[in-house]
Amino acid sequence: MIKIQKENHNQLIIDILTKVGLSNEQAEMASKIMNYADIRGIDSHGLILLKTYVERIRNKIISKEPIYKWFQKTTVISLLDGDHGIGHFLGNLAMEEAIKTAKKNSLGLVLVKNATHYGASGYYTELAAKHGMIGITTTNTMPLMAPTGGAERVLGNNPISFSVPREGEDPVVVDIATSVVAAGKLILQNQKNEPIPEGWALDKNGKPTTDPFEGYEGGGTLLPIGNHKGYALSFIMDVLAGVLSGSGYGKKVGHSDIGFIMMAIDIEQIMPREQFNIRLDDFITMVKGAKKANKNNSIYLPGEIEYSKKKEREKHGVTINENLYKELKQLISDLELSVDQYF
């Protein structure tokens, strides 16, 4: 098993992204969010995407020096035109602005257009939770998913995330794609030469497949969670992130005109923090204390398993598969960096 320690993980991403032209500020933010994903076991949004980002920077899909612009719409709503910059940097800017606005006005909402992939959604909502606020985000993606009854990519597997702060505890974090699994999981299974379960994807002919390549890179489509329910959620997320923001939507979403929204809600301007904490803890006690279907079962809060993985991976490092290791070694070598510096 191949492992990379957290510090080396961060430095590898920063070194590679700056080598291909990003500023230190942009590279450091991308590194922070990709590390957030890998450390929590969200392997579909970490190092596995590094080569893709490099290719998009080289092909000018991701702008190295975006000239982003702010537009104030109301006292609580802002619009950020990202000028095709790397999504991690723009997403962080947007959530920080939403938090700042919420401190003044109870609620902050930022819509972003002309952006690129922003990585793990939970990072942004947790940022709000660290400020004692409820965070919400959604983004659209390139078409990956067919609507229920369809066999053609029309919708992104548009993810949505919520984070709720807890007193003295890790926040509750919901971070889900509207497809059964993220596309990165099919890439990962393909790298490992392992099949996927039936129900994850259709092939390019609209037939169920267990071949990860046919389900994604070979032209197939991801399947929505809960069939028509996931389709409906994806549709609405595209309305918010794409149609409303002024960015791409549906088949009009490209890698450089992705849209997203960031929202922060200041709890203390709705009710006293202590009262909220008491009510939330009471609710959590109800949920965690529910009668178990099996005496060996454990009931986890959303995000709790990821925090458990975080503690283990921060101590022992992030495990990567052999094919990803080879890919990273080649990328490091091509950019005239030293493999031994990171692994």
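This is a predicted model: local features need pLDDT of at least 70, side-chain atom pairs count only at pLDDT 80 or more; totals for chains, interfaces and linings use all residues.

Residues are numbered from 1 along each chain as its sequence is written, and side-chain values use heavy atoms, with hydrogens and water left out.

**Stop 1: a helix pair**

Select residues 50–58, which are helix 3, together with residues 322–334, which are helix 11; their axes come within 10 Å and cross at roughly 35°. Helices here are DSSP runs of H or I with at least four residues, and strands are runs of E with at least two, numbered from the N terminus. The axes are lines fitted to C-alpha atoms, for helices over the stretch in contact, and the angles run from 0 to 180 degrees between N-to-C directions. Now show the side chains of Leu-50, Lys-51 and Val-54 on helix 3, and of Glu-327, Leu-328 and Leu-331 on helix 11, which make the contact (heavy atoms within 4.5 Å). By class, this contact has four nonpolar, no polar and two charged residues, where Ala, Val, Leu, Ile, Met, Phe, Trp, Tyr, Cys and Pro count as nonpolar, Asp, Glu, Lys and Arg as charged, and the others, Gly among them, as polar.

**Stop 2: an enclosed helix**

Move to residues 183–191, helix 6, which is largely enclosed by the rest of the structure because seven of its nine residues are buried. Buried means under 20% relative accessible area, exposed means over 50%, and partly exposed lies in between, with a 1.4 Å probe and protein chains only. After helix 6 comes Asn-193, whose phi is positive, near 55°.

**Stop 3: salt bridges**

How many salt bridges does a search of the whole structure find? The search finds seven, a salt bridge being a side-chain nitrogen of Lys or Arg within 4 Å of a carboxyl oxygen of Asp or Glu.

Select Glu-314 and Lys-6, whose side chains meet at 3.2 Å, N to O. This pair links distant parts of the chain, with Glu-314 in helix 10 (residues 304–316) and Lys-6 in helix 1 (residues 6–19), 308 residues apart. Glu-314 counts as partly exposed at 32% relative accessibility, and Lys-6 also counts as partly exposed, at 27%.

Next select Arg-40 and Glu-126, whose side chains form a salt bridge at 3.7 Å, N to O. Arg-40 sits in the loop between helix 2 (24–39) and helix 3, and Glu-126 in helix 5 (residues 121–130), so the pair ties together parts that are 86 residues apart in sequence. Arg-40 is buried, with a relative accessible area of 8%, and Glu-126 is buried as well, at 3%.

Then select Lys-251 and Glu-152, which meet at 2.5 Å, N to O. Lys-251 is exposed, with a relative accessible area of 53%, whereas Glu-152 counts as partly exposed at 43%.

**Stop 4**

Select Val-154, found in the loop between strand 5 and strand 6; Val-154 is partly exposed, with a relative accessible area of 25%. Not counting residues up to four places away in sequence, Val-154 touches Pro-143, Met-145, Pro-147, Gly-250 and Lys-251.

**Stop 5: an exposed loop residue**

Select Leu-244, in the loop between helix 8 (228–243) and strand 11 (258–266). Leu-244 counts as exposed, at 58% relative accessibility.

**Stop 6: a buried glycine**

Finish at Gly-85, in the loop between strand 3 (77–81) and helix 4 (87–105), where Gly-85 is buried with a relative accessible area of 1%. Leaving aside neighbours within four places in sequence, Gly-85 is in contact with Ile-62, Ser-63, Pro-66, Leu-90, Asn-114, Ala-115 and Thr-116.
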